[in-house]
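Look at the chain below from end to end before reading on.

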Amino acid sequence: MKQSKVKNYCWAKQEMAPHCPVIDAPKYDPYKDFRRDKSGFYVLIRVDFSTLTIDVAVCDKHNIIVAVFRGTTPQDIYEAIFKYEKQHGVNWFTDKGHVAYLGKEFKKAQLALSLGNNAYFQE
């Protein structure tokens, strides 16, 4: 078994592929690096303490709410969104960066909900 030059990056019994790059991610700038999803759809996220849920409104490029999803965990919400998209033949989120951003925001909302912190705001 060939020893990797970067031992800290080996997990369990895996071996580094020859010439496997280790990439240091640059700091993300939310203003400079922001880009909308090409589909034109976006979401509004809020924590509703009256129902103890996370509410996610999907909006179109004309700022019309086309669907609202309500749940208590990020996985419940994104699974419901993906199921709805599949059942109705829509594709609201096409950019992987946008999908990753949604996951981050859903998790922040879940933490606020579980901690009873009403200071959540969507970035």
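In this predicted model, 28% of the 123 residues of the protein chain count as buried.

Which elements make up the secondary structure of the protein chain? There are two helices and three strands. Read from the N terminus, their order is β-β-β-α-α. The radius of gyration of the protein chain is 19 Å, whereas the globule rule gives 14 Å for 123 residues; the value is well over the rule, so the protein chain is more spread out than a compact globule. Along the principal axes, the C-alpha trace spans about 55 × 35 × 35 Å.

Contacts show how parts of the sequence meet. Among contacts in the protein chain with a separation of 6 or more, 38% are between residues 24 or more positions apart.

How many disulfides does a search of the whole structure find? The search finds zero. Cys20 has a relative accessible area of 36%, so this residue is partly exposed, as the value falls between the 20% limit for buried and the 50% limit for exposed. Cys59 has a relative accessibility of 2% and therefore counts as buried, since buried means under 20%.

Terms used
Residues numbered from 1 in each chain as written. Predicted model: local features only at pLDDT ≥ 70, side-chain atom pairs only at ≥ 80, totals over all residues. Heavy atoms only, no water. Helix = DSSP H or I, 4+ residues; strand = E, 2+ residues; numbered from the N terminus. Rg over C-alpha atoms; globule rule 2.2 N^0.38 Å. Buried < 20%, exposed > 50% of the residue type's maximum accessible area, 1.4 Å probe, protein only. Contact = heavy atoms within 4.5 Å. Disulfide = S-S within 2.5 Å.
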